[in-house]
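Opening the notebook on this one.

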Amino acid sequence: MSGASTWSFREEDAAKIGTLLNRLLREANARTALLVDRNGQMLSTAGEEPRFDPVAFATLTAADFSANDQLARMLGENEFAALFHQGEKDSLYLADVARRVILVVLFDNRTTLGLVKLRVRNVQEELSAIFIAMFAREAPGERRVETGFVGEAEDEIDKLFGS
Amino acid sequence: MSLINYASREINCKLVYYGPGLGGKTTNLEYIYEKVAPASKGKMISLATETERTLFFDFLPVDLGTIRGFKTRFHLYTVPGQVYYNASRKLILKGVDGVVFVADSQMERMEANVESMQNLYDNMTQHGLDLTRLPFIIQYNKRDLPNAAPLPQLQESLNPGWQVEDPVRMRPQADPNRQGEMLIQEVDGMWVERVPYFEAVALRGDGVFDTLRAISKLVLKTLG
């Protein structure tokens with residue numbers, strides 16, 4: 001058992017993931033692809049700039065996926081590996097990546113659910129491989145922020161929350 | 001688990017306010033939302049019932065600004081307090097970086113406090129997390145009420161301390177927030193550690209920012 005660990009998302013990860021997400025959007029004819037970690041943090045977006053608050057969106061996506069995970073278990077399923085939310089104009093397709101991340105695809109009536117599902121399945125494995133490698137490289141106890149960060153952050157906390 | 005996103009130059013940390021139902025967790029967040037400068041806060045989300053009891057969680061992102069090139073943000077969550085919402089509570093604890101336990105000081109809520117604290121330990125264990133190794137703070141709320149239990153009684157029930165096992169930590173540590181009190185001390189030949197605590201009246205904001213400031217700093221230290 002341990003305390004919380006930290007993991008990092010590097011620029012080279014973002015570049016590889018960006019290429020994959022853009023390919024997915026092109027092939028699926030979808031508008032925006034987002035990667036959200038299961039703790040509710042936005043990792044990456046591609047395609048059209050979202051018109052919503054991305055921080056709130058990531059939190060709700062993670063909660064949505066987690067709640068459905070529990071529902072799946074009540075049915076005796078390991079998980080619902082994907083979810084679909086249908087709107088009048090815009091719809092969302094959510095799929096699991098490596099059990100730690102959620103791929104969200106926002107699409108409209110220029111494409112179909114079937115095509116989105118198919119294209120997501122094509123990139124899911126490649127995305128999983130990237131994330132599995134990313135989680136594996138994290139060594140516990142490694143310093144992750146430069147010296148001076150904590151001191152400066154503490155000053156900001158005092159300013160923002162009063163000292 | 002703090003996430004350092006080198007690509008978008010962001011650091012996000014997750015803080016969870018835990019505790020028994022109607023203890024003041026949501027009130028803490030509402031006060032923070034009201035007082036933090038507009039530029040530093042995001043949208044507050046409350047997944048609540050029609051009677052405004054928290055159903056799933058409340059969420060408030062607070063930005064510290066850009067520090068050494070990283071946009072640094074705290075994600076503040078509350079959990080639903082009622083006993084029967086445990087599934088939701090457990091989900092929210094996932095990936096937590098720091099916990100604030102908001103205790104209800106009222107004498108008649110003592111049992112609910114103890115039950116909630118036990119539930120917190122159990123849920124953390126199920127996530128493979130050890131509460132004694134994570135930033136953790138207790139806030140004794142509703143100190144203004146006439147039926148509030150005396151502090152020593154609350155401390156004895158909710159913050160009795162645990163045995164220090166790491167030899168490096170076996171040295172006296174004063175509580176920086178309370179003069180004359182110790183966080184780590186030797187008692188009858190055994191080293192015991194208690195978590196920092198604050199008194200609060202969340203409705204009028206007393207102690208709310210003291211608590212937030214202390215837990216934020218503890219979490220940041222884990223990054224350095």
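**Chain A against chain B**

I started with the contact between the chains: 43 residues of chain A touch 46 residues of chain B. I'm working from a predicted model here.

Next I looked up what supplies chain A's side. Strand S1 (7-9), helix H1 (11-28), strand S3 (42-47), helix H2 (54-74) and helix H4 (149-161) of chain A each put in at least two residues. H4(A) has the largest share, with nine residues. By residue type, I get 18 nonpolar, 14 polar and 11 charged on the side of chain A that touches chain B.

**Helix H2 of chain A**

H2(A) runs for 21 residues and spans 30 Å from first C-alpha to last, close to the 30 Å expected at 1.5 Å a residue.

Which residues of H2(A) are buried? I noted A:Val55, A:Phe57, A:Ala58, A:Thr59, A:Thr61, A:Ala62, A:Ala63, A:Phe65 and A:Ser66.

Just after H2(A), I found A:Gly76 with a positive phi of about 90°.

**Domains of chain B**

Chain B splits into domain 1 (3-159 + 196-221) and domain 2 (162-194). I get 24 Å between the centres of these two domains of chain B, over C-alpha atoms. Five residues of domain 1 of chain B contact five of domain 2 of chain B. On the domain 1 side I count three nonpolar, two polar and no charged residues.

Notes: Residues numbered from 1 in each chain as written. Chains lettered and ligands numbered in written order. Predicted model: local features only at pLDDT ≥ 70, side-chain atom pairs only at ≥ 80, totals over all residues. Domains from an automatic or database assignment. Contact = placed C-beta atoms within 7 Å. Nonpolar A, V, L, I, M, F, W, Y, C, P; charged D, E, K, R; others polar. Helix = DSSP H or I, 4+ residues; strand = E, 2+ residues; numbered from the N terminus. Expected span 1.5 Å × (residues − 1). Buried ≥ 20, exposed ≤ 12 C-beta atoms within 10 Å, placed from the backbone.
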